[in-house]
Amino acid sequence: IGMRLPNAIQMYHYLKANIWLIEYRGFGDSDDAVINEAGLKMDAEAVWNYAHDNRNNNVDPKRLFVFGRSLGGAVAFHFGQYAQSQSTT
């Protein structure tokens, strides 16, 4: 996450939005979990589920902007697909 902090600050200032930096399994200070496609997809789904479950606490899952770089781009893409499949409206 540390390497992406300047990008997050810039997005915060330009987009005037709250920024969540997600550290998925096997990277940064996370556990020593084996990195694989299924696990990364589960991580993306966990973020969506958290946002959706906390929509009454000022989190509007319909107003999320998802961004990823490098491997994070694939995780962000899956997040979008999952969110769309879970949408009821």
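Which side chain meets Arg25 in a salt bridge? I started my notebook with that, keeping in mind that this is a predicted model.

**Entry 1: charged pairs**

I looked up Arg25 and found its side chain joined to that of Asp43 in a salt bridge, at 2.7 Å from N to O. Next I checked where the two partners sit. Arg25 lies in the loop between H1 and H2 and Asp43 in helix H2, so the pair ties together parts that are 18 residues apart in sequence. Arg25 has 22% relative accessibility and counts as partly exposed. Asp43 comes out at 14%, so I wrote it down as buried, since buried means under 20%.

I also wanted the total, and the count comes to two salt bridges. Lys41 and Glu37 make a salt bridge too, at 3.0 Å from N to O. Here both residues belong to helix H2 and are four residues apart, about one turn of the helix. Lys41 is partly exposed at 31%, while Glu37 is exposed at 56%.

**Entry 2: aromatic rings**

How many aromatic pairs are there? I noted two. For Trp20 and Tyr50, the ring centres are 5.8 Å apart and the planes stand at 65°, so I call the pair edge-to-face; the cut-off for that is over 60 degrees. Trp20 is in the loop between H1 and H2 and Tyr50 is in helix H2, so this pair ties together parts 30 residues apart in sequence. I found Trp20 to be partly exposed, at 39% relative accessibility.

Trp48 and Phe79 form an aromatic pair that is also edge-to-face, with 6.3 Å centre to centre and 80° between the planes. This pair links distant parts of the chain, with Trp48 in helix H2 and Phe79 in helix H3 (residues 71–86), 31 residues apart. Are these two residues buried or exposed? I found both Trp48 and Phe79 buried.

**Entry 3: the largest pocket**

The largest pocket has a volume of about 1300 Å³. Its lining has 38 residues, and Ile19, Trp20, Leu21, Ile22 and Phe67 lie nearest the centre. Which helix gives the most to the lining? My note says H3, with five residues. H1, H2 and H3 each supply at least two residues of it.

I then followed up on Phe67. I found Phe67 in the loop between H2 and H3, and it is partly exposed, with a relative accessible area of 42%. I also checked a distance from Phe67 to Gly80: their C-alpha atoms are separated by 10.0 Å, and the residues are 13 apart along the chain.

I placed Leu21 in the loop between helix H1 (5–15) and helix H2 (37–53). Its relative accessible area is 32%, so Leu21 is partly exposed.

Note on methods:
Residues are numbered from 1 along each chain as its sequence is written. This is a predicted model: local features need pLDDT of at least 70, side-chain atom pairs count only at pLDDT 80 or more; totals for chains, interfaces and linings use all residues. Side-chain values use heavy atoms; hydrogens and water are left out. Buried means under 20% relative accessible area, exposed over 50%, partly exposed in between (1.4 Å probe, protein chains only). Rings of Phe, Tyr and Trp (its six-membered ring) pair if their centres lie within 6.5 Å; planes under 30 degrees apart count as stacked, over 60 as edge-to-face and the rest as tilted. On a 1 Å grid over the protein atoms alone, a cavity is a set of points where a 1.4 Å probe fits but cannot get out, and a pocket is an open set with protein on both sides within 12 Å along at least five of seven lines; lining residues have an atom within 4 Å of a point. Grid points are joined across faces, edges and corners, and a volume is the space filled by probe spheres set on the points. A salt bridge is a side-chain nitrogen of Lys or Arg within 4 Å of a carboxyl oxygen of Asp or Glu.
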